[in-house]
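Thanks for coming, everyone. Let me put the structure up, and then I will walk through it.

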Amino acid sequence: LLFVREDSSGNANLHLLSSDGSIRQLTRFDADITFPSVSGDGSVVCFEFQGGLSTVSAPDWVRVEVPLDCAADLPFPVEEQGYAGPFLESFDLLSDSGTIAMASTGEIFCGDLSDGEIVDVRRLTDTPGREGSPAWSPDGTMLAFTREWVGRSELVLAGPVLSESVF
């Protein structure tokens, strides 16, 4: 399991939780990385770094900047808007099925994308803690998310998600 956490220098870097429970720091950047996304086979991680898009690949984990050339900017104000829900904080889309996991008001919800709408929304968590940052496993059977409760931050791995369970 790849995840981001602060290292001893205070910067958010990539870490690996192995099946034996050991944790290994994979990157040692002098600034935070955010919004990581892992390829299906786990060999490439794409993320935001200092305002740009970067990747790292196993086994050397060397950062490569991805050049972004925007042909045009969106007009401001945006001419078309949609309603994503009250206080939508973060989401992750399971691309093969169109299933979306969302964090809103400190809880995790799941729904399906259909004709540009989110339908069949279900609440997946119901805890006194604050959940956020949902991320699907590559095969779509598990959902990882963060939980903050009584001054402690946890990484929760829940599954099978598409059942009727509340975590």
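**A buried arginine and its partner**

Start with arginine 147: this residue is buried, with a relative accessible area of 15%. Buried here means under 20% relative accessible area, exposed means over 50%, and partly exposed is what falls in between, with a 1.4 Å probe and protein chains only.

Before I go on, a word on the source. This is a predicted model, where local features need pLDDT of at least 70 and side-chain atom pairs count only at pLDDT 80 or more, while totals for chains, interfaces and linings use all residues. Residues are numbered from 1 along each chain as its sequence is written, and side-chain values use heavy atoms, with hydrogens and water left out.

Back to arginine 147. Which side chain does arginine 147 meet in a salt bridge? The partner is glutamate 131, at 2.6 Å from N to O. Glutamate 131 lies in strand β12 and arginine 147 in strand β13 (residues 143-149), so the pair ties together parts that are 16 residues apart in sequence. By salt bridge I mean a side-chain nitrogen of Lys or Arg within 4 Å of a carboxyl oxygen of Asp or Glu. In general, side chains of opposite charge can pair when their charged atoms come close.

Stay with glutamate 131. Is glutamate 131 buried or exposed? Buried, with a relative accessible area of 1%. Its strand, β12, covers residues 130-136. Strands are DSSP runs of E with at least two residues, helices are runs of H or I with at least four, and both are numbered from the N terminus.

The side chain of glutamate 131 also makes polar contacts. One goes to the side chain of threonine 127, at 2.5 Å. Another, of 3.5 Å, joins glutamate 131 to the side chain of threonine 125. The rule for a polar contact is a pair of N or O atoms within 3.5 Å; within protein, one must be able to donate a hydrogen and the other to accept it, and residues adjacent in sequence count only if both atoms are side-chain atoms.

Now the wider surroundings. Leaving aside neighbours within four places in sequence, glutamate 131 is in contact with residues including Glu89, Ala103, Ile108, Phe145 and Arg147. Contact means heavy atoms within 4.5 Å.

**The other salt bridges**

How many salt bridges does a search of the whole structure find? Four. Arginine 123 forms one of them with glutamate 107, with the closest N and O atoms 3.3 Å apart. Arginine 123 lies in strand β11 (residues 117-123) and glutamate 107 in strand β10 (residues 107-114), so this pair ties together parts that are 16 residues apart in sequence. Glutamate 107 is buried, at 7% relative accessible area. Arginine 123 is partly exposed, at 39%.

Arginine 123 has a further partner. Aspartate 126 forms a salt bridge with arginine 123, the closest N and O atoms being 3.5 Å apart. Aspartate 126 counts as exposed, at 56% relative accessibility. Together, Glu107, Arg123 and Asp126 are linked in a network of salt bridges.

**The whole chain**

Step back. The protein has 14 strands and zero helices. Buried residues make up 31% of its 167 residues. Of the contacts with a separation of 6 or more, 22% are between residues 24 or more positions apart.

**The surface**

The accessible surface comes to about 11,000 Å², and 53% of that belongs to carbon and sulfur atoms. These areas come from the Shrake-Rupley method with a 1.4 Å probe, and for residues only the protein chains shown count as cover.

Leu1, Leu17, Ile23 and Leu155 make a nonpolar surface patch of about 320 Å². Patches take residues with over 30% relative accessible area and no salt bridge; like charges are joined within 9 Å, and nonpolar side chains (Val, Leu, Ile, Met, Phe, Trp, Tyr) within 5 Å. Leucine 155 sits in strand β14 (residues 152-158). At 46% relative accessibility, leucine 155 is partly exposed.

**Two backbone points**

Most residues other than glycine have a negative phi. Phenylalanine 35 has a positive one, near 55 degrees. That residue is in strand β4 (residues 33-38) and is exposed, at 71%. Serine 133 also has a positive phi, about 50 degrees. Serine 133 lies in strand β12 and is partly exposed, with a relative accessible area of 45%.
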